[in-house]
Amino acid sequence: MSQYTQPQQPYTPAQPPGSRPARNGLGTSALVLGIIGTVSGLIPFFFWLAGILGLIALILGLAGRGRAKRGEATNKGVTTFGAVLGLVALILSVVGAVLTFKAVDDVVTDINKAVADSSASAKPAAGGGAAGGAAGGTEGKDDVLREGDSAAYDDGLEVTVNAPASYTADEFAIGHTKGNSAYTVSVVIENKGKEKFDATLVTVDARAGEDGVNAEQIFDGKVGEGFSGTVLPGKKITATYAFDAPADAKDLTVEVGPGLDWDASQWELKL
C-alpha cells in the first residue's frame, strides 16, 4: 500500500502589516512648482506668478518633509529642495513687485513732467499785440491770443497764427457750404528747441461766431494739406488752412495743438 504525499506549496512571506508604497507626490510637486516659480521671478512683470507658485511649492515642500519624517515618503532631499525653491520664488516675487511699481511710478512721473514742461505762455506779436503774456515765462493759458501772437512752449516750440483772409473756394471744394464765407489762416511753427519736431500730429480746428459753431475745414486744390514732416532745430514750417464760417460771423477762434505732449492754444481772430 503506497503512501500519498501532498506536494508542498512554496513559502511566500506575508506582507508586513502597515507597509505602504512611498508617497512622494508632494515632494515632486513642490520641486516642479518651485522651479517654475523661480524662473517666473526672473521675468519682468511675472512677479505675481512667482509669488503664487512659490507659496504653493513652500507649503507642499513642508508637507512633504513631514511625510518623509514619518517614513511615508522616500524623497526627503527632493522635498527639501522644492521648499527652498518655493522660498526663493517668494523672495523674487517681492523684489519684482517693488521694481515693477517703482518703474511704473517713474514712468508716470516722467509723463507728468513732460506735460507740465509743455505748457505754453503767450508771446505778443512785435509792436504790441493784445495777448496778455507776461515776461519771464509766466503761463498764459487764460490769456487771449490775437492775430500775429505766438504761443511759446518751454521746450522752445513757438506757434503763431496770422490774421484771417477772405478766401474763395473752388466749385469742387469739400467742407464749404453755399452762402457761407470762407477764410484762410496761416499757421507758423518755429522750432527753437534742441530736438527735431514732428509736425505730423499737429491739429488745427476752428469755431466761428458768438455761438461758437464748428467751422468746417475746407479742402480744395489749393488748401487743406496741413502740416507734415519734421522741423529741425532753428527751422520753421508754415501751413495754410481754410475754414467755412457763417456769413454773419465776426470772429473766428482757432485752436492749434502741436501734438500729444503739448497743450493746445487758442487765438481769437477778427473777421
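Trainee: Buried means under 20% relative accessible area, exposed over 50%, and partly exposed in between, using a 1.4 Å probe and protein chains only. Where does phenylalanine 46 fall, buried, exposed or partly exposed?

Mentor: Phenylalanine 46 is partly exposed, at a relative accessible area of 35%. Keep in mind that the model is predicted: local features need pLDDT of at least 70, side-chain atom pairs need 80 or more, and totals for chains, interfaces and linings use all residues. Residues are numbered from 1 along each chain as its sequence is written, and side-chain values use heavy atoms, without hydrogens or water.

Trainee: How many aromatic pairs are there?

Mentor: The structure holds 5. Rings of Phe, Tyr and Trp (its six-membered ring) pair if their centres lie within 6.5 Å; planes under 30 degrees apart are stacked, over 60 edge-to-face, the rest tilted. Phenylalanine 46 and tryptophan 48 make a stacked pair, 6.3 Å centre to centre with 20° between the planes. Tryptophan 48 is partly exposed, at 46% relative accessibility.

Trainee: What about phenylalanine 197 and tryptophan 262?

Mentor: They pair edge-to-face, with 5.4 Å between centres and 85° between planes. Phenylalanine 197 is in strand E6 (residues 197-198) and tryptophan 262 in the loop between E11 (251-257) and E12, so the pair ties together parts 65 residues apart in sequence. Strands here are DSSP runs of E with at least two residues, numbered from the N terminus. Phenylalanine 197 is buried, at 4% relative accessible area.

Trainee: Which residues form a ring cluster?

Mentor: Phe227, Tyr241 and Phe243, linked by ring pairs.

Trainee: Changing topic. What is the strand order in the open sheet?

Mentor: E8-E7-E11-E12, with antiparallel pairing. Two strands pair if DSSP finds at least two bridges between them. E8 (213-214) and E12 (265-270) are the edges, each with a single partner strand, so one side of each has no neighbour in the sheet.

Trainee: How many bridges join E7 to E8?

Mentor: 2 bridges, and E7 covers residues 203-208. Arginine 207 stands opposite asparagine 214 in E8.

Trainee: And aspartate 244, which strand is that in?

Mentor: Strand E10, residues 236-245. Aspartate 244 is buried but has no salt bridge, and the nearest side chain of opposite charge, lysine 178, is 13 Å away. A salt bridge needs a side-chain nitrogen of Lys or Arg within 4 Å of a carboxyl oxygen of Asp or Glu. For charge, Lys and Arg count as positive, Asp and Glu as negative, and His and chain ends are not counted.

Trainee: Which side chain makes a polar contact with the side chain of aspartate 244?

Mentor: Histidine 176, at 2.7 Å. The side chain of aspartate 244 also reaches the backbone nitrogen of threonine 177 at 3.3 Å. A polar contact is a pair of N or O atoms within 3.5 Å; within protein, one must be able to donate a hydrogen and the other to accept it, and residues adjacent in sequence count only if both atoms are side-chain atoms.

Definitions and conventions: Helices (H or I, at least four residues) and strands (E, at least two) are DSSP runs, numbered from the N terminus.
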